[in-house]
Amino acid sequence: MMNYEIFKEVVAEKFMDYMPSQYKDMKLEIHPVEKVNLTLDGMNLVGEGDIKVTPTIYINDMYTHYQKTDDLREVLKTAAGRMEHAMKEAPEVVPAIDLDGAKDNIVFQFVNTEQNKEMLQDTPNRSFQDLSIIYRWIVKTDEEGIQSTVIRSSLAERLGLSEEQMFKLAVDNTRRLFPPSVKSMNDVIREMFTKDGMPAEVADMMIGEMPPEQTMWVISNERGINGAISMLYEDKLHGLAENLGTDLYIMPSSLHEVIAVSASMGDPNELAQMVAEINMDQVSLDERLSNQVYHYDKDLRKLSLATDTPNKRIDGIVAEQKLIYNREEQSR
């Protein structure tokens, strides 16, 4: 079986052989596409004519298919079929974008700073503990879901907005478009059971009750999308801490939510170890946020890091420590 780099070379050489004849004059381009926490190899077809929007297929997904089937021909045939379908569905003209309307639809998103250093070089952001706040433009919202895009520096320039201006807009927009929510884990599980058709009384019997100070609390938003940013709303943290009568430890379970517990429930380093293990085993790389645990002081009303594990990256790779030499060592 080919390794990924050889596979990518073969795809670049053979892919167009599997495309229908009407696309043979188009050029295949492969380029890196920066996503949250990872960089993928995107593949587009580019040509002259009426087609103005070119779909992207990721070679990384093709390689996953290849690893499962060990059938290069099948992988190329399937990918070419997907590309052909996407090309037919793509609009011939890019719709005009409403730059003025964008100001009402700019929201926050958290990303891990260490894991996204390259992306952050070209993305307006500001630091928050071991995380960075970036900005997304909500382009469309309907019953099928949400379409949004990360605001890179070039788009921010087109919008005529500085990072500070986007921050001020996002403070109000995020809360309005994605109202923050704080729910007990029991309530979240109960909602899942009843949504699947289980009678509420049966769900209550299965779940049982737990004292608030021993309960896990899910902090997210009403849509459950990029909800970890809701821990920026200090009033929500303060209300929960006052209800429990203790400080909070906050564990980032994904980009979409964080879990808060009473500070009396455990040691933050042990909680961080649990977070790291869950990240590696159960959370996809593109949805991981951090291996750290945060501490909310209800009296100071301040959120800070409770742990310090800078060398444990969220992709499982241990970052190399910088070597420090003193003069005596250098002279040896």
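Two strands are taken to pair if DSSP finds at least two bridges between them. Helices (H or I, at least four residues) and strands (E, at least two) are DSSP runs, numbered from the N terminus. The structure is a predicted model, in which local features need pLDDT of at least 70 and side-chain atom pairs count only at pLDDT 80 or more, whereas totals for chains, interfaces and linings use all residues. Residues are numbered from 1 along each chain as its sequence is written, and side-chain values use heavy atoms, with hydrogens and water left out.

An open sheet of three strands, with antiparallel pairing, has the order β1-β2-β3. Its edge strands are β1 and β3 (57-58), each of which pairs on one side only. Strands β2 and β3 are joined in the antiparallel sense over two bridges, and M43 has I57 in β3 as its bridge partner. Helix α1 packs on the sheet and touches β1 and β2, its direction making about 140 degrees with that of β1. Helix α3 (residues 72-89) also packs on the sheet, where it touches β2 and β3, and its direction makes about 65 degrees with that of β2. Angles run from 0 to 180 degrees between N-to-C directions, and axes are lines fitted to C-alpha atoms, for helices over the stretch in contact; contact means heavy atoms within 4.5 Å.

Strand β1 (residues 27-35) and strand β2 (residues 38-46) pair in the antiparallel sense over nine bridges. Within this pairing, V33 has L40 in β2 as its bridge partner. The hairpin of β1 and β2 has two residues between the strands, and N37 takes a positive phi near 75 degrees there.

Two packed helices are described by the angle between their axes and the distance between the axes. Helix α1 (residues 4-14) packs with helix α2 (residues 59-69) at an angle of about 110 degrees, and their axes are 10 Å apart. Helix α1 is therefore roughly perpendicular to α2, a term for angles of 65 to 115 degrees (under 35 counts as roughly parallel, over 145 as roughly antiparallel and the rest as oblique). On the α1 side, Y4, F7, K8 and V11 meet I59, N60, M62, Y63 and Y66 of α2. The residues of this contact divide into seven nonpolar, one polar and one charged. Here Ala, Val, Leu, Ile, Met, Phe, Trp, Tyr, Cys and Pro count as nonpolar, Asp, Glu, Lys and Arg as charged, and the others, Gly among them, as polar.
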